[in-house]
Amino acid sequence: MENLNLTSYIKRANKFMIFNIILSVLIGIIFFIIGMNINDFSDYPNLNLNNKVDNSLNGLIEIFCNNAFIMPLTSLIIALIPIPYLYMIPTISTIFSLSMAIGIQFAYKFNEGTVLLLGVLPHGLLEIYIISILLSLLFVLNKYIRNSLVNLFKKNKSYLPKFLNVITSICKCYLIVILPLTFICALIEVFITTNWYQFLKNILI
C-alpha cells in the first residue's frame, strides 16, 4: 500500500493531471475534425461563458458547492465499487463535454474557438488539477477496498494500514488542499473568467 501522505497524493495527482490534459486535447482534436465535416451549423448554439456563469455571490456559492461537495461525493460513491478507475467517469464526462464544445467551436469559427479556449484557462487548468488531486485520493481508497476484499480469500494476507488511517489521510488532504483550491478556483471563475472572456471577445471577435 502506498504512503499515506500529502507528497504521495500530489505525485500521483500530477500523473492524473497529465492524463486529463492529454485526454482533453485528444477529444478537442477529434471533435475539431468532426466539426470540419459539418456543413450546417444552424443548430449549433453560440457558446458564451458570460451567460453560463452567475457573476455574483450566489454564483460563487453554487460553483463552490458543486465542485467541492457534489461532484466529489458522486466520485466517492463510485470509488466504493471495487473496480479500478471507475471513479473517473464523472471527470471524463466533464472533460468530454467541454473539450467537445471547444473542438467544434474551433471548427465553427476559429476565432470564437480561440476565445473560448483562452477564456476557460484561468480557472480550467486549476480545476483539472483539483480534480486530479481528488482522483489521487480516490485511487488510494479504491485500491484499499480492493486489497481488503482480496485479503479475505488469501491465506497469507498482505499488510494493509488501518482503515481509519486511510480515511484520516484522505480527509486531511481534502481539507488542506482541495477545499482551499476549489474556493480559489470558484473565485477565479466567477470574478475573473467572465471579465477575461469579455476582454478576449472584444479584441478577437
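Which helices each supply at least two residues of the lining of the second largest pocket? Read on for the pocket, then the ring pairs and the salt bridge. Keep in mind that this is a predicted model.

## The second largest pocket

The helices in question are α3 (57-79), α5 and α6, each of which supplies at least two residues of the lining. Among these contributors, α3 gives the most, with five residues. The space in this second largest pocket comes to about 270 Å³.

In total, 13 residues line the second largest pocket, and P72, L76, L134, I170 and Y174 are the ones nearest its centre.

## Aromatic pairs

F31 counts as buried, at 15% relative accessibility, whereas F96 is partly exposed, with a relative accessible area of 38%.

Next up are Y144 and F163. Their ring centres lie 5.7 Å apart with the planes at 40 degrees, so the pair is tilted. Y144 belongs to helix α5 (residues 110-151) and F163 to helix α6 (residues 163-204), so this contact ties together parts that are 19 residues apart in sequence. Y144 is buried, with a relative accessible area of 9%, while F163 counts as partly exposed at 44% relative accessibility.

Rings also join up into a group: F16, Y85, Y87 and F139 are linked by ring pairs into a cluster.

## The salt bridge

How many salt bridges does the structure hold? There is one. The partners are E112 and K109, and their closest N and O atoms are 3.7 Å apart.

What about the accessibility of the two partners? E112 has 14% relative accessibility, so E112 counts as buried, the limit being under 20%. K109, at 37% relative accessibility, counts as partly exposed.

Methods
Residues numbered from 1 in each chain as written. Predicted model: local features only at pLDDT ≥ 70, side-chain atom pairs only at ≥ 80, totals over all residues. Heavy atoms only, no water. Buried < 20%, exposed > 50% of the residue type's maximum accessible area, 1.4 Å probe, protein only. Phe/Tyr/Trp six-rings, centres within 6.5 Å; stacked < 30°, edge-to-face > 60°. Helix = DSSP H or I, 4+ residues; strand = E, 2+ residues; numbered from the N terminus. 1 Å grid on protein atoms, 1.4 Å probe; cavity = no way out; pocket = protein on both sides within 12 Å on 5 of 7 lines; lining within 4 Å. Points joined across faces, edges and corners; volume = space filled by probe spheres on them. Salt bridge = Lys/Arg side-chain N within 4 Å of Asp/Glu carboxyl O.
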